[in-house]
Amino acid sequence: MGRALGAVWHRAGHEIVWGVRDPQDEKYADLPGGQLEAIGDNLSKSDLIVMAVPWDAVDSVASALGADYSGILVDCTNPIAADFSGLDHKGAASGAEYAKALLPKARIVKAFNQTGAGNMANADYPNAQVANFVCSSDDNAASVVKQLSEDLGFDTVVVRGLEHSRQLEEMAWLWISLAIKQEHGADWAFSLVRR
Ligand SMILES: NC(=O)c1ccc[n+]([C@@H]2O[C@H](COP(=O)([O-])OP(=O)(O)OC[C@H]3O[C@@H](n4cnc5c(N)ncnc54)[C@H](OP(=O)(O)O)[C@@H]3O)[C@@H](O)[C@H]2O)c1
């Protein structure tokens, strides 16, 4: 996910710093722009961090960022149960609200979780635009992330109120269930029609 998103944003002209566990690891050598940083103090100075890690890594990433992180945190994780049977919010209302409890000062935006990484890397479909809901209780943070979503070519809808993040995570589970469990594959996405 991180690779897919960062590569498009790098092409769109954004400065990307890749937050990784071990910046010396050669597997990161091909990341566009090549700016690598260990997840921790320096990264916590970023205005905007995209959290693209497995659900069971959210605690350690939040702890490495520190509870004082007050920038925008884009949460594109999905709280998928370890046995892949559904969602497991670990007692929180949603994964995004779980992250908010760990990082109370962060301006949390739930986005980029509702479709597959292949659609992030390439959102081109004939006669349709991929939908992306950007959900936050912080209108200013949502508008920053809306621009990032439009950079990906998504039809972007801001959803006010982080309490709606759970519905976006359910949407993601529907996409995953159809794509993987019910063999629709990854080359489809939710789209909106209007009149
Ligand atoms: N893949 C998709 O199509 C997709 C779509 C929408 C949402 N998502 C969500 O996005 C998140 C990432 O998905 P993914 O498919 O990119 O997962 P992934 O490939 O399994 O993991 C992404 C990265 O997380 C890092 N990571 C794992 N544990 C970590 C830890 N404890 N601390 C710091 N970094 C850690 C890994 O770093 P290392 O390189 O160091 O191992 C890896 O590069 C998940 O929550 C997923 O549900 C995925």
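Figure 1. The mean positions of the 16 positive and 26 negative charges of the protein lie 4 Å apart. Lys and Arg count as positive and Asp and Glu as negative, whereas His and the chain ends are not counted; each charge is placed at NZ of Lys, CZ of Arg, CG of Asp or CD of Glu. The model is predicted: local features need pLDDT of at least 70 and side-chain atom pairs count only at pLDDT 80 or more, while totals for chains, interfaces and linings use all residues. Residues are numbered from 1 along each chain as its sequence is written, and side-chain values use heavy atoms, with hydrogens and water left out.

**Figure 2. Secondary structure and overall dimensions.** Six helices and seven strands make up the secondary structure of the protein; helices (H or I, at least four residues) and strands (E, at least two) are DSSP runs, numbered from the N terminus. Read from the N terminus, the order of elements is α-β-β-β-α-β-α-β-α-β-α-β-α. The radius of gyration is 16 Å, close to the 16 Å that the globule rule gives for 195 residues, so the protein is as compact as a globular protein of that length. This radius is taken over C-alpha atoms, and the globule rule is 2.2 Å times the number of residues to the power 0.38. Along the principal axes, the C-alpha atoms fill a box of roughly 45 × 40 × 35 Å.

Figure 3. W9 is located in helix α1, which spans residues 2-11. With a relative accessible area of 5%, W9 is buried; buried means under 20% relative accessible area, exposed over 50%, and partly exposed in between (1.4 Å probe, protein chains only). Apart from neighbours within four places in sequence, W9 is in contact with H14, I16, V50, F112, L148, D151 and L152, where contact means heavy atoms within 4.5 Å. W9 and A128 are 119 residues apart in sequence, and their C-alpha atoms are 21 Å apart in space.

**Figure 4. Cysteines C76 and C135.** The structure contains zero disulfides, a disulfide being a pair of cysteine sulfur atoms within 2.5 Å. C76 is in no disulfide, and the nearest cysteine sulfur, that of C135, is 14 Å away. C135 is likewise in no disulfide. C76 counts as buried because its relative accessibility is 6%, and C135 counts as buried at 0%.
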